[in-house]
Amino acid sequence: MNKRDYYEVLGLSKSASPEEIKKAYRKLSKQYHPDINKAADAEDKFKEISEAYEVLSDDQKRAQYDQFGHAGPNQGFGGGGDGFGFEDIFSSFFGGGGGSRRRDPNAPRKGDDLQYSMTIEFEEAVFGKEKEIEIAKEETCDTCSGSGAKPGTHPEKCSQCNGAGQVNVTQDTPFGRIQTKRACNHCHGAGKIIKDKCSTCHGRGTVNKRKKIKVTIPAGVDDGQQLRVSGQGEPGINGGPAGDLYIVFRVKADPRFERDGDDIYYELPLTYAQAALGDEIEVPTVQGKVKLKIPAGTQSQTKFRLKGKGVKNVHGYGVGDQHVIVKVITPKKLTEKQKQLLREFAEISGDIPEEQGSSLFDKIKKTLKGE
């Protein structure tokens with residue numbers, strides 16, 4: 001029987017990261033678990049998904065699969081899928097290999113980590129804030145306290161592997177008789193059997209819930225940075241600690257300010273008069289308005305620094321500055337009086353421009369006056 005491509009089974013591309021592989025497996029395994037999905041083909045799909053994950057989640061097996069296809073992870077001298085492979089050969093000579101690396105199924109294990117994307121306002125990122133979020137996550141089943149068994153009953157030790165989750169398999173090879181370890185087919189590597197499953201979680205020991213969590217946004221956090229909330233990930237296995245929740249911040253843009261690290265940039269519009277004669281004006285900052293003296297003769301693109309008016313460093317390394325960049329605004333519409341004053345100014349400066357939009361009559365008058 002031809003097997004489907006493992007990447008196709010998990011709905012992934014061949015460039016998928018380990019995190020994407022794990023995420024796809026968790027989603028599909030929950031969807032097709034025989035205790036939840038009662039479709040006739042659910043069990044077969046669940047086995048297919050588990051087989052694909054077992055190969056793609058192991059760097060060595062994945063490399064073999066990418067090179068040799070389905071023959072890769074179980075490559076044997078006879079071509080049989082259950083024959084011993086190169087990994088088993090190294091195991092027999094150097095001790096260990098895939099069998100000895102398999103972790104104890106009954107050992108406490110940390111739960112999976114979760115990720116949440118939070119969009120916040122510009123000022124919330126600058127000053128920090130406490131917010132409440134709601135996430136969907138697995139929680140220990142209250143009915144069975146995480147055992148997966150019906151209340152009043154307990155999971156039983158697997159009689160086939162005696163609770164080890166693994167069984168020894170002896171194979172005759174051209175190198176002699178080799179003994180390897182394989183996951184127990186009876187308990188699927190769990191080391192225990194649940195005969196009477198919990199009616200709430202159907203033997204999983206966890207249920208999916210929506211949980212509200214209070215999060216303190218640290219002052220100075222920037223777009224793309226993340227915060228680890230310890231113990232708010234998926235519940236641990238066999239009494240292990242819960243995973244962590246990683247919150248990735250997305251900061252909205254502000255119409256007035258632009259941020260670069262801990263510094264803030266602000267574009268200040270000035271008129272010709274303000275730039276030429278100088279002025280004292282109020283400039284907005286994230287901490288409120290401050291007065292700024294504009295020296296006479298200030299040019300466009302001149303920069304002023306407001307020390308300490310930037311963003312507090314998220315790691316506590318001081319405070320940034322605000323940089324004010326001058327932009328001299330050219331008026332688009334002028335009254336006749338304004339035009340005349342500018343002409344007089346130009347005449348005094350010795351720089352009389354050829355005005356665009358002047359009528360032929362205006363040009364004749366200038367010529368007669370000797371202008």
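**Conventions for the views.** The expected span of a helix here is 1.5 Å times one less than its number of residues. Helices (H or I, at least four residues) and strands (E, at least two) are DSSP runs, numbered from the N terminus. This is a predicted model, with local features needing pLDDT of at least 70 and side-chain atom pairs counting only at pLDDT 80 or more, while totals for chains, interfaces and linings use all residues. Residues are numbered from 1 along each chain as its sequence is written, and side-chain values use heavy atoms, with hydrogens and water left out.

**View 1. The whole protein, for orientation.** Count up the elements and you get 10 helices and 15 strands. Of the 371 residues, 32% are buried, where buried means under 20% relative accessible area, exposed means over 50% and partly exposed falls in between (1.4 Å probe, protein chains only). Now take the contacts (heavy atoms within 4.5 Å) between residues at least 6 apart in sequence: 61% of them join residues at least 24 apart.

**View 2. Helix α9 and the glycine that follows.** Helix α9 covers residues 336–349, and its 14 residues should span 20 Å at 1.5 Å a residue; the end C-alpha atoms are 20 Å apart, so the two agree. Just past α9 sits Gly350, with a positive phi of about 75°.

**View 3. Helix α2 alongside helix α3.** The axes of α2 (residues 18–32) and α3 (residues 42–56) come within 9 Å and cross at roughly 165°. Axes are lines fitted to C-alpha atoms, for helices over the stretch in contact, and angles run from 0 to 180 degrees between N-to-C directions. The two helices are therefore roughly antiparallel; angles under 35 degrees count as roughly parallel, over 145 as roughly antiparallel, 65 to 115 as roughly perpendicular and the rest as oblique. From α2, the contact takes in Ile21, Lys22, Tyr25, Leu28, Ser29 and Tyr32, and from α3 it takes in Ala42, Lys45, Phe46, Ile49, Ser50, Tyr53 and Leu56. Sorted by class, that gives nine nonpolar, two polar and two charged residues. For the sorting, Ala, Val, Leu, Ile, Met, Phe, Trp, Tyr, Cys and Pro count as nonpolar, Asp, Glu, Lys and Arg as charged, and the others, Gly among them, as polar.

**View 4. Helix α3 and its buried side.** With 15 residues, α3 reaches 21 Å from first C-alpha to last, close to the 21 Å expected at 1.5 Å a residue. Its buried residues are Ala42, Phe46, Ile49, Ala52, Val55 and Leu56, and they pack against α1 (6–10), α2 and α4 (59–68).

**View 5. Helix α3 meeting helix α4.** Here the axes come within 6 Å and cross at roughly 100°, which makes α3 roughly perpendicular to α4. Glu54, Val55 and Leu56 of α3 meet Lys61, Arg62 and Tyr65 of α4. This contact has three nonpolar, no polar and three charged residues.

**View 6. Asp262 in its loop.** Look for Asp262 between β10 (257–260) and β11 (263–270). Asp262 is partly exposed, because its relative accessibility is 23%. Setting aside neighbours within four places in sequence, its contacts are Gly310, Val311, Lys312, Asn313, Gly320 and Asp321. Asp262 and Val221 lie 41 residues apart in sequence and 9.4 Å apart in space, C-alpha to C-alpha.

**View 7. Leu277 in helix α8.** Leu277 belongs to α8 (residues 272–277) and is exposed, with a relative accessible area of 69%. Its C-alpha is 4.5 Å from that of Ala296, 19 residues apart along the chain.
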